[in-house]
2 protein chains.
Amino acid sequence: VRIVLVGFGNVGRTLAAILADPSPYAGLKGLDVSVVAITTGSHGTLANPAGIALGPALASFERAGGFTPADPDHSGLATLEVLTRLDYDAVVEMSPLDVVRRGEPAISHVRAALERGRHVVAANKGPVAWSYRSLVELAARTGARFLHEATVMDGVPVFNLARHGLRGATVLSLEGILNSTTNWVLGAVEQGRGVEEAVAEARRAGVAEADPSLDLDGWDAAVKLAALANAVMGGELLPEDVERRTLASLDLDRVRGCPARGRRLKMVAAARRDGGRILGRVEAREIPLDHPFALVEGTSSILRITTDLAGSISVVEEAPDLRTTAYGVLSDLMSLAD
Amino acid sequence: VRIVLVGFGNVGRTLAAILADPSPYAGLKGLDVSVVAITTGSHGTLANPAGIALGPALASFERAGGFTPADPDHSGLATLEVLTRLDYDAVVEMSPLDVVRRGEPAISHVRAALERGRHVVAANKGPVAWSYRSLVELAARTGARFLHEATVMDGVPVFNLARHGLRGATVLSLEGILNSTTNWVLGAVEQGRGVEEAVAEARRAGVAEADPSLDLDGWDAAVKLAALANAVMGGELLPEDVERRTLASLDLDRVRGCPARGRRLKMVAAARRDGGRILGRVEAREIPLDHPFALVEGTSSILRITTDLAGSISVVEEAPDLRTTAYGVLSDLMSLAD
């Protein structure tokens with residue numbers, strides 16, 4: 001598979017490092033991937049139809065903070081030009097999520113590839129959250145595949161579980177703890193820290209991003225919930241239609257007082273059917289200590305899927321790292337061979 | 001799909017009831033199944049190439065405690081004769097597990113169908129636990145499929161999760177609470193009941209079978225662990241090679257003393273790689289109360305899958321019923337259409 005990487009942040013570089021040397025991972029033996037372009041929003045582009053040498057590209061990117069004309073495969077093409085002009089089999093969309101632009105420019109990237117019949121593996125949640133149905137229809141028309149396993153819960157195969165494991169069952173509702181930063185910060189607040197102090201700690205621990213507002217305002221969870229509702233419940237839920245409670249709106253004394261009452265306050269993202277529609281909320285819930293959600297600490301996450309026929313199934317991800325997100329992409333790349 | 005049902009116990013009858021009237025389940029709309037034979041070990045056989053009327057068959061079976069010559073489609077064929085002589089597309093193996101006979105006669109049933117190139121959907125764990133590799137090889141030779149989602153954790157798609165969701169990842173170890181009866185009885189013992197009293201209660205609650213010894217002796221968990229090790233870890237673990245602790249070997253005071261020390265005693269089935277082999281154990285473990293395994297109550301179950309690339313993923317099934325096991329079979333039947 002000849003692939004284009006869009007975005008070269010933490011996940012992209014972790015993926016490139018695994019692809020540069022997959023030998024420690026026995027299961028990747030069958031993976032035959034050649035990266036023919038790496039393109040970023042503001043850190044330059046590399047392109048080489050014979051395949052980019054990933055080790056040197058990684059080293060040079062980290063040294064210079066981006067690709068420069070000094071790189072052997074340096075290209076002047078912008079991302080959309082790469083996707084519409086170059087030859088490739090699949091694109092891996094890993095550009096940063098832009099909530100204000102409602103998933104753009106990632107949606108245009110995905111569309112450009114699908115229109116040419118090229119497969120898409122999305123780690124960016126925007127296209128699944130804002131344009132799922134039209135992109136799936138486009139893919140069906142051109143014979144391409146639109147996969148997006150890494151968009152929610154990193155490498156936990158929530159979308160594959162629903163697609164391959166819940167055939168014939170109807171998902172009635174979903175609820176989960178889907179945002180690491182909020183969950184991490186709530187844990188620290190529970191132990192007595194202030195929100196700002198906790199956020200600073202989360203940033204130092206590499207959990208929160210430089211600007212964690214998308215997490216703290218519930219946008220990250222709302223976008224993930226919309227992605228799940230669209231792909232797993234067959235709905236059309238937009239992130240902006242998800243009712244959001246922000247971390248700032250919480251009474252910190254209530255957070256701290258919960259454990260004494262045998263409870264913990266958690267931010268839960270929940271979607272349920274209401275007639276033909278799907279309603280979504282990101283809300284603070286008091287969880288009893290003997291409920292599985294109460295055990296989800298720090299960067300771990302959980303999703304509970306309630307169905308008509310298959311009962312109630314939960315999946316839990318424990319302490320993911322960058323490799324598990326990169327794995328979500330790898331898993332999709334391996335599925336393309338089907 | 002023209003199917004044969006082997007075994008007509010609780011799961012078989014629940015499946016037949018759903019197939020008789022799938023209209024409450026929107027997701028089953030695409031399911032096109034005709035039951036051309038129902039065959040049991042000692043409760044008779046029905047066969048009709050045009051499809052058995054399932055409603056009347058269920059009613060008559062429950063009235064008479066089996067099929068009788070009074071049934072319109074009554075047949076004198078034994079199970080193996082049905083499988084080798086009649087025409088069908090797939091067999092659903094739901095006969096009772098026989099540990100003493102190491103999975104027979106179910107293994108012969110599966111083999112008879114696969115040899116004729118007919119698909120197999122197994123709810124009986126024996127074939128996956130004792131003969132996985134040879135059956136998979138046979139299926140590959142004849143172009144048939146051997147599916148077995150309902151064998152472990154009912155309708156929770158553990159095998160589909162591993163097959164479709166963990167591509168490229170290597171499963172390093174598995175651990176789970178896989179046997180309902182033991183878990184239910186341990187909970188009652190913790191609350192002060194004796195083992196016999198608790199078993200009697202479990203029987204009355206419909207959790208334990210009339211003869212629960214396979215559960216209490218750890219055989220059921222060992223067979224499930226072997227099935228998982230074979231199909232998910234690519235090993236060749238036999239149930240008799242799983243080290244087993246029985247419930248009878250536990251010190252009841254230790255079970256009851258655990259909560260005071262912030263722990264619960266749970267029977268955990270665990271498999272791990274040891275060089276080229278896979279080692280399996282069913283053992284009593286003291287689980288801290290803030291560990292997800294401590295929350296698994298009664299008939300619920302959990303499986304934790306630790307991988308090289310995808311991190312550590314757990315799946316939890318909450319309070320299954322007969323319908324969720326029947327769903328495991330339905331899910332496989334729907335996969336056959338791929």
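Author: In this predicted model, B:Asp87 forms a salt bridge with B:Arg2, with 3.5 Å between the closest N and O atoms. A salt bridge here is a side-chain nitrogen of Lys or Arg within 4 Å of a carboxyl oxygen of Asp or Glu. B:Asp87 sits in the loop between helix 3 (79–85) and strand 5 (90–93) of chain B, and B:Arg2 in strand 1 (residues 2–6) of chain B, so the pair ties together parts that are 85 residues apart in sequence. Helices (H or I, at least four residues) and strands (E, at least two) are DSSP runs numbered from the N terminus.

B:Asp87 has a relative accessibility of 47% and counts as partly exposed; B:Arg2, at 27%, is also partly exposed. Buried means under 20% relative accessible area, exposed over 50%, and partly exposed in between, with a 1.4 Å probe and protein chains only.

This is a predicted model, in which local features need pLDDT of at least 70 and side-chain atom pairs count only at pLDDT 80 or more, while totals for chains, interfaces and linings use all residues. Residues are numbered from 1 along each chain as its sequence is written, chains are lettered from A and ligands numbered from 1 in the order in which they are written, and side-chain values use heavy atoms, with hydrogens and water left out.

By the salt-bridge rule the count over all chains is 42. One of them joins B:Asp253 and B:Arg256 at 3.9 Å between the closest N and O atoms. Both residues lie in helix 11 (residues 252–257) of chain B, three residues apart, about one turn of the helix. An α-helix has 3.6 residues a turn, so residues three or four places apart point the same way. B:Asp253 is exposed at 58%, and B:Arg256 is partly exposed at 29%. In another pair, the side chains of B:Glu201 and B:Arg193 meet at 2.8 Å, N to O; B:Arg193 is partly exposed, with a relative accessible area of 21%.

Two salt bridges cross the interface of chain A and chain B. In one pair, B:Arg304 meets A:Glu318 at 2.7 Å, N to O. There is also a network of salt bridges linking A:Glu175, A:Glu243, A:Arg281, A:Glu283, A:Arg285, A:Arg304 and B:Glu318.

At the interface, 42 residues of chain A are in contact (heavy atoms within 4.5 Å) with 42 residues of chain B. The two chains bury about 3400 Å² between them, 58% of it on carbon and sulfur atoms. Buried area is the accessible area (1.4 Å probe) that two parts lose on being put together, summed over both. A:Arg167, A:Leu309 and A:Tyr327 supply 22% of the area that chain A buries against chain B, more than any other three residues.

Chain A can be laid on chain B by a turn of 180° and a shift of 0.0 Å along the axis, with an RMSD of 0.0 Å. The superposition is by least squares on C-alpha atoms of residues with pLDDT of at least 70 in both copies. The two copies are thus related as by a two-fold rotation axis. In chain A, the C-alpha nearest this axis belongs to A:Val315, 2.3 Å from it.
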